[in-house]
Amino acid sequence: MGKRGMTTILTESDELTVDAANGLWLTAADAARVTGWTLKPEGMCRDDQCVALPPSVVAAGRVDVEAFWRRLGNPVLCADDRETWVLGAGADDRNAALAGLMAPDFTLPDLSGTPHTLSHLRGKKVLLVTWASW
Amino acid sequence: MVVAVAEDSRGTHDVRPWIEQAKPEYWCLIDPDHRVASLYGMANVPRAVWIDERGRIVRPPETAGSTDHFRKMDPQTLTMSPADQSARDAGKAFYVNAVAEWVTTGRHALDAPAAREKLPRITPEIALADAHFRLGVWLRRHGAAEQGSRHLAEASRLHPESWNIWRQSADLEAVGNAAGPGFWARVQALGDKPYHRPPDLPGFPT
């Protein structure tokens with residue numbers, strides 16, 4: 001399915017390929033790229049928030065991203081072959097984002113494949129409508 | 001500015017004829033993973049969100065003028081009575097007019113407390129359902145249909161109120177399933193509960 005030896009990670013806004021060991025043990029650099037959190041002595045940090053990690057979750061320069069993501073209370077899933085993973089957005093994060101009333105941003109392609117980003121429309125009123133061919 | 005997002009896991013193929021016929025001047029985007037539905041807590045289509053010039057939600061997701069009159073369709077011929085057709089069209093026209101009023105006068109925009117009150121509430125089950133949906137769609141797209149369907153079924157089990165999940169999953173099994181006998185049975189099972197909850201706009205025709 002994926003490239004041999006490489007792991008596919010599906011995040012809220014992306015699809016990334018990483019070199020993962022033994023599940024989702026990623027280098028600190030890949031962990032930052034995938035999760036948006038940076039490994040520091042205090043633990044995994046984002047903005048002014050840090051989450052301490054138990055020693056079992058960090059080893060030989062790698063982070064157990066599966067354990068970290070679960071520690072945040074967020075959903076983690078993997079395919080049967082453990083080569084494709086989903087790091088899902090957690091309910092608390094989703095609700096907090098919506099409660100701030102800033103329209104969650106996204107970038108999606110049009111028919112010709114050109115990407116469009118919602119936040120680029122600041123300055124105009126936007127009617128966002130979802131539909132489906134089914 | 002209208003941003004129309006197609007929640008279509010089959011991608012551009014099924015969406016293209018609709019867009020090309022409409023020849024729109026607004027953005028028509030393709031969202032195979034249903035990211036927008038997840039971000040905004042939407043469970044069905046069509047749903048609309050009003051966003052002001054500062055990027056703030058002034059009307060959280062609501063039914064974009066559709067009504068439940070379709071439930072009275074003749075199941076064999078899939079036709080509606082003229083009275084029901086008029087009522088359905090009146091609902092759509094009312095919503096379009098409300099949007100126009102907003103654009104020109106700012107009317108119907110909700111202040112922060114009112115908007116917050118109408119926001120959808122994402123539960124841990126819904127967040128997990130979205131993760132299963134994402135994986136299920138990916139697996140189906142990459143040749144693992146059976147495994148993918150297993151995750152799509154779990155997504156529906158975790159979030160049974162999501163018509164997006166159920167209907168998209170059905171459509172991925174076979175085009176047309178989303179509007180087939182299984183769909184109609186599921187709609188009937190709603191009983192008195194609405195399929196499309198009407199938008200909370202004063203004067204919306206019932």
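Trainee: Which way does helix 6 of chain B pass helix 7 of chain B, left-handed or right-handed?

Mentor: The crossing is left-handed (the near helix is turned anticlockwise from the far one by less than a right angle; clockwise would be right-handed). Helix 7 covers residues 163-173 of chain B; helices here are DSSP runs of H or I with at least four residues, strands runs of E with at least two, numbered from the N terminus. This is a predicted model, in which local features need pLDDT of at least 70 and side-chain atom pairs 80 or more, while totals for chains, interfaces and linings use all residues. Residues are numbered from 1 along each chain as its sequence is written, and chains are lettered from A and ligands numbered from 1 in the order in which they are written.

Trainee: At what angle do helix 6 and helix 7 of chain B pack?

Mentor: Their axes (lines fitted to C-alpha atoms over the stretch in contact, with angles from 0 to 180 degrees between N-to-C directions) lie 9 Å apart at about 160°. That makes helix 6 of chain B roughly antiparallel to helix 7 of chain B (over 145 degrees; under 35 is roughly parallel, 65 to 115 roughly perpendicular, the rest oblique). B:Ser149, B:Leu152, B:Ala155 and B:Ser156 of helix 6 meet B:Ile165, B:Trp166, B:Ser169 and B:Glu173 of helix 7.

Trainee: How do helix 5 and helix 6 of chain B cross?

Mentor: The axes of helix 5 and helix 6 (residues 145-158) come within 7 Å and cross at roughly 160°. These two helices of chain B are therefore roughly antiparallel, and their crossing is left-handed. Residues in this contact include B:Leu128 and B:Phe133 from helix 5, and B:His151 and B:Leu158 from helix 6.

Trainee: How many residues of chain B are in contact with chain A?

Mentor: Counting contacts as C-beta atoms, placed from the backbone, within 7 Å, 68 residues of chain B touch 43 residues of chain A. Helix 5 (residues 124-141) gives the most to chain B's side, with eleven residues.

Trainee: Which strands of the two chains pair?

Mentor: Pairing takes at least two DSSP bridges. Strand 13 (residues 126-131) of chain A and strand 1 (residues 2-6) of chain B pair in the parallel sense over five bridges; A:Trp131 has B:Ala6 as its bridge partner.

Trainee: In what order do the strands of the open sheet run?

Mentor: Five strands run 2(B)-1(B)-13(A)-3(B)-4(B), with mixed pairing. Strand 2 (27-30) and strand 4 (57-63) of chain B stand at the edges with a single partner strand each, so one side of each has no neighbour in the sheet. Neighbouring strands are turned by 15° against each other on average, direction ignored.

Conventions
Contact = placed C-beta atoms within 7 Å.
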